[in-house]
Amino acid sequence: VPSEISYMKKLENLRLSHNKIAHLPPELGKCKNLQQLWLEVNLLEECVEELRYLQSLRSVNLSCNKLLMIPVFFCELPNLKYFYVSDNPVQKSTIPPELLQKGGKELLDYLAEKRKESDRLGSLIGGLH
């Protein structure tokens, strides 16, 4: 994904599934109108922190990648309703497998709770960042 994607200010839907993408550019976080981000079946090992700025996101699909951790900032995106992360090698001891498979609101609520715990502890929780 080229860094020039940040010039696409009116971009609302981005579907990059099945492309062997291993990294996302931080500039993706500048696509403020982005509502759907579909990145399933790629080679992503992590999500860039700049995705937290995509306040218009409604739907994210990160299924079938190589994610070891699920960033808790996704639970802070106010419009995000559909969130899919199944079939990633996430540390399943920290996130119940049924939540990883199901995704959606239940997973976002779980991440929000873990975020509160992490804030209280002032450190990372294994499997989340």
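Biologist: Over which residues does pLDDT stay under 50?

Modeller: This is a predicted model, and pLDDT is the predictor's confidence in each residue, from 0 to 100. Where pLDDT is low, the predicted coordinates should not be read in detail. The model does have 15 contacts beyond four places in sequence for the stretch in question, and the residues where pLDDT stays under 50 are 123-127.

Biologist: In which element of the protein chain is confidence highest?

Modeller: The protein chain averages a pLDDT of 88, and 90% of the residues score at least 70. Among the elements, helix α2 (residues 104-121) has the lowest confidence, with a mean of 82. At the other end, with a value of 98, stands strand β2 (residues 36-38).

Biologist: What pattern does the protein chain follow when read along the sequence?

Modeller: The protein chain contains 2 helices and 4 strands. Reading along the sequence gives the order of these elements, and the pattern is β-β-β-β-α-α.

Biologist: Which strands are the edge strands of the open sheet?

Modeller: The open sheet has 4 strands with parallel pairing, in the order β1-β2-β3-β4. An edge strand here pairs on one side only, and this holds for β1 (13-15) and β4 (82-84).

Biologist: Which residue in β4 does Asn 61 stand opposite?

Modeller: Strand β3 covers residues 59-61 and is joined to β4 by 3 bridges, the two strands running parallel. Asn 61 has an opposite residue in β4, and that residue is Tyr 84.

Biologist: Are Phe 74 and Phe 83 buried or exposed?

Modeller: A residue counts as buried under 20% relative accessible area and as exposed over 50%. In the protein chain, buried residues make up 45% of the 129 residues. Phe 74 and Phe 83 are both buried.

Biologist: How is the aromatic pair of Phe 74 and Phe 83 classed: stacked, edge-to-face or tilted?

Modeller: The two rings lie 4.7 Å apart, centre to centre, with 35° between the planes. Planes under 30 degrees apart count as stacked and those over 60 as edge-to-face, so the rest are tilted. The pair of Phe 74 and Phe 83 is therefore tilted.

Biologist: Which residues form one aromatic cluster?

Modeller: The count comes to 2 aromatic pairs, and one of them joins Phe 74 and Phe 83. The residues of the cluster are Phe 73, Phe 74 and Phe 83.

Conventions. Residues numbered from 1 in each chain as written. Predicted model: local features only at pLDDT ≥ 70, side-chain atom pairs only at ≥ 80, totals over all residues. Heavy atoms only, no water. Pairing = 2+ DSSP bridges. Contact = heavy atoms within 4.5 Å. Buried < 20%, exposed > 50% of the residue type's maximum accessible area, 1.4 Å probe, protein only. Phe/Tyr/Trp six-rings, centres within 6.5 Å; stacked < 30°, edge-to-face > 60°.
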